[in-house]
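Subject: Structure handover

Hi,

Here is the structure I promised to pass on to you.

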Amino acid sequence: VRLAGLLLAVVVMVDPGQVRVAAATVEFGVNRTPAGDLRYVKAHTSEDAVIMSDVSWEVTWETGRRSVRTHFDRRPDGSPILSILRFNDEFLPIDAVYLRFLDRRTRDAHRNLRNDPEFRQVFPNRHKLPSGAVFYSR
């Protein structure tokens with residue numbers, strides 16, 4: 001089952017007895033990820049791209065691209081850090097990273113990642129999307 005959109009209706013009373021309804025449609029993917037984000041990811045990756053994401057199954061479903069769930073390592077102080085570079089070097093080359101920030105662990109790890117010069121060298125293109133998500137590419 002695919003959620004094609006969510007209808008938001010606003011009821012406006014103009015005069016007693018006269019009701020008008022204004023409606024707007026907001027599109028979401030299957031996990032409520034904004035469809036505009038997923039269209040952006042699809043438009044900015046090749047058909048054979050591998051994308052690492054915290055909503056990997058939705059990226060695959062909506063874009064037709066291969067996707068891998070984000071992986072975490074722990075720093076000596078116990079704080080989480082995304083192991084994107086290690087995964088890229090040791091297992092499978094990653095072409096892009098899409099982070100929706102559905103949980104606190106991903107948000108905390110991203111703070112460390114975005115300031116990492118090695119990560120920024122591998123993925124120099126950073127695009128903050130209107131939804132608040134971030135897309136990195138080579």
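Below are the notes on what was found, from the overall fold down to single residues.

First, the ground rules. This is a predicted model, in which local features need pLDDT of at least 70 and side-chain atom pairs count only at pLDDT 80 or more, while totals for chains, interfaces and linings use all residues. Residues are numbered from 1 along each chain as its sequence is written, and side-chain values use heavy atoms, with hydrogens and water left out.

**Overall fold**

The protein has 5 helices and 9 strands; these are DSSP runs numbered from the N terminus, with helices being H or I of at least four residues and strands E of at least two. Along the sequence, the order is β-β-α-β-α-β-β-β-α-β-α-α-β-β. Of the 138 residues, 38% are buried, where buried means under 20% relative accessible area, exposed over 50%, and partly exposed in between (1.4 Å probe, protein chains only). The protein exposes about 8200 Å², and carbon and sulfur atoms supply 52% of that area; accessible areas come from the Shrake-Rupley method with a 1.4 Å probe, and for residues only the protein chains shown count as cover. Taking contacts as heavy atoms within 4.5 Å, residues 24 or more positions apart account for 48% of those with a separation of 6 or more.

**Salt bridges**

A salt bridge here is a side-chain nitrogen of Lys or Arg within 4 Å of a carboxyl oxygen of Asp or Glu. By this rule there are 2 salt bridges. R86 pairs with D73, their closest N and O atoms being 3.1 Å apart. That pair links distant parts of the chain, with R86 in helix α3 (residues 84–90) and D73 in strand β5 (residues 72–74), 13 residues apart. R86 also forms a salt bridge with E90, with 3.4 Å between the closest N and O atoms. R86 and E90 both sit in helix α3, 4 residues apart, or about one turn of the helix. Through shared partners, D73, R86 and E90 join into one network. R86 is partly exposed at 36% relative accessible area, and D73 is partly exposed at 25%.

**A charged patch**

R114, R120, R126 and K128 form a positive surface patch. Patches are made of residues with over 30% relative accessible area and no salt bridge, joining like charges within 9 Å and nonpolar side chains (Val, Leu, Ile, Met, Phe, Trp, Tyr) within 5 Å. Lys and Arg count as positive and Asp and Glu as negative, with His and the chain ends not counted. The place of a charge is NZ of Lys, CZ of Arg, CG of Asp or CD of Glu. R114 lies in the loop between α4 (104–113) and α5 (117–122) and is partly exposed, with a relative accessible area of 34%.

**Two more residues to look at**

N112 belongs to helix α4 and is partly exposed at 24% relative accessibility. Leaving out residues up to four places away in sequence, N112 touches R75, S79 and P80. N112 and L82 are 30 residues apart in sequence, with 8.3 Å between their C-alpha atoms.

S137 is in strand β9 (residues 134–137) and counts as buried, at 12% relative accessibility.

Best wishes
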